[in-house]
Amino acid sequence: MENFESQVAFWDRVSSLAGEKKRGFSAREVLAAAEPFLLPSKKVLDVGCGQGGISKAMARHVHSVRAIDISSGMIAVAKSDNEGAPISNISFEVGSVFSLSDNENDWNMITSFNVLPYIINLERMLCRLSNMLPPGGLFLISSACLGERMSLLRMLVVTLSKLEIMPKLHQFKSRNLVNLLNDAGFEILEIKKISRLPEYFIACKKR
Ligand SMILES: C[S@@+](CC[C@H](N)C(=O)[O-])C[C@H]1O[C@@H](n2cnc3c(N)ncnc32)[C@H](O)[C@@H]1O
């Protein structure tokens, strides 16, 4: 089992912040990059959905979205936002890829936006995600690659995580992430810089 406790406490706190945007950082750029892959045949598992803004936007294009997050605070916000005029082809639940059972594989696409830098054992997580997809299944991600350049934001993040105010963040470069994806059995279809952070959108396919 993963030890998520400190991370859950952090994301629960973030979820309750007044005025927190329902769509995370770079959501518009992520959606624009993902849109060509969001076809009506796609059954999507969205890992680390947060408050669910991107999950709901994806649901308009695809067959269905099952959105999961380790933070019950995030899932509560996502569910309550879906109460007024509910989107019927989406579900939200508290969980991680390790809490889903091996028989649960009713999807042909996995998405995970702005989550990978926070994953403690990233290699293990990527292998699990790869095992959860059929060959040819798509995996769409967005990720900051803070190792690519020194910036004020990077210094701030390093300081905040040293002070344990926020979870530790990987500071990999995009080529490190591509290597990890290859090692986990994914073929890269597209890689695109979507912000000057720098943050990348990567589309890959299970080999
Ligand atoms: C920066 S937010 C991104 C939310 C959303 N994907 C977006 O782009 O707006 C990161 C989210 O990942 C979740 N998270 C972190 N580690 C996770 C894990 N191992 N499994 C599932 N969710 C996780 C956090 O609870 C948080 O809600």
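# A walk through the strands around Thr111

Visitor: Leaving aside its neighbours within four places in sequence, with which residues is Thr111 in contact?
Guide: Good place to begin, and please keep in mind that this is a predicted model. Thr111 belongs to strand β4, residues 109-113. Once neighbours within four places in sequence are left out, the contacts of Thr111 are Val44, Asp46, Met58 and Leu140.

Visitor: Is Thr111 buried or exposed?
Guide: Let's count what surrounds it. Within 10 Å of Thr111 there are 29 other C-beta atoms.

Visitor: How far apart in space are Thr111 and Cys49, C-alpha to C-alpha?
Guide: Along the sequence, 62 residues separate Thr111 and Cys49. In space, their C-alpha to C-alpha distance is 8.9 Å.

Visitor: In β4, which residue is the bridge partner of Leu45?
Guide: Start with the strands: β1 and β4 run parallel and are joined by three bridges. Within this pairing, the β4 partner of Leu45 is Ile110.

Visitor: Which residues touch the most other members of the largest nonpolar core?
Guide: That core holds 53 residues. In general, nonpolar side chains in soluble globular proteins tend to be buried together. Ile110, for its part, has contacts beyond its sequence neighbours that include Leu45, Val47, Leu129 and Phe139. The core members that touch the most others are Ile110 and Phe139.

Visitor: How many of the residues of β1 are buried?
Guide: Strand β1 spans residues 43-47. It is largely enclosed by the rest of the structure, because the buried share of its five residues is four.

Visitor: In β2, which residue is the bridge partner of Asp46?
Guide: Five bridges hold β1 and β2 together in parallel. For Asp46, the β2 partner is Ala67.

Visitor: Through which helix does the chain cross from β1 to β2?
Guide: This stretch is a β-α-β crossover, and it is right-handed. The helix on the way covers residues 53-59 and is called α3.

Visitor: In β3, which residue is the bridge partner of Ile68?
Guide: β2 is mostly covered, with five of its six residues buried. It also pairs with β3 (residues 90-94) in the parallel sense, over five bridges. Across that pairing, Ile68 finds its β3 partner in Glu93.

Visitor: What covers the buried residues of α4?
Guide: Helix α4 (residues 72-81) forms a right-handed β-α-β unit with β2 and β3. Its buried residues are Gly73, Met74, Ile75, Val77 and Ala78. Their cover includes α1, β2 and β3.

Visitor: How many helices and strands are there in the protein?
Guide: Let's step back and read the pattern along the sequence: α-α-β-α-β-α-β-β-α-β-α-α-β-β. The protein has seven helices and seven strands.

Visitor: What is the radius of gyration of the protein?
Guide: For 207 residues, the globule rule gives 17 Å. The protein comes close to that, so it is as compact as a globular protein of that length. Its C-alpha atoms fill a box of roughly 40 × 40 × 35 Å along the principal axes. The radius of gyration itself is 16 Å.

Visitor: Among contacts between residues at least 6 apart in sequence, what percentage join residues at least 24 apart?
Guide: Thr111 and Cys49 gave us one example of a pair 62 residues apart in sequence. Taking the contacts of the protein between residues at least 6 apart, the share that joins residues at least 24 apart is 68%.

Note on methods: Residues are numbered from 1 along each chain as its sequence is written. This is a predicted model: local features need pLDDT of at least 70, side-chain atom pairs count only at pLDDT 80 or more; totals for chains, interfaces and linings use all residues. Helices (H or I, at least four residues) and strands (E, at least two) are DSSP runs, numbered from the N terminus. A residue is buried if 20 or more other C-beta atoms lie within 10 Å of its own, exposed if 12 or fewer, and partly exposed in between; C-beta atoms are placed from the backbone. Two residues are in contact if their C-beta atoms, placed from the backbone, lie within 7 Å. Two strands pair if DSSP finds at least two bridges between them. A crossover is right-handed if, with the strands pointing away from the viewer, the path from the first strand over the helix to the second runs clockwise. A nonpolar core is a set of buried Ala, Val, Leu, Ile, Met, Phe, Trp, Tyr and Cys residues joined through C-beta atoms within 7 Å. The radius of gyration is taken over C-alpha atoms; the globule rule is 2.2 Å times the number of residues to the power 0.38.
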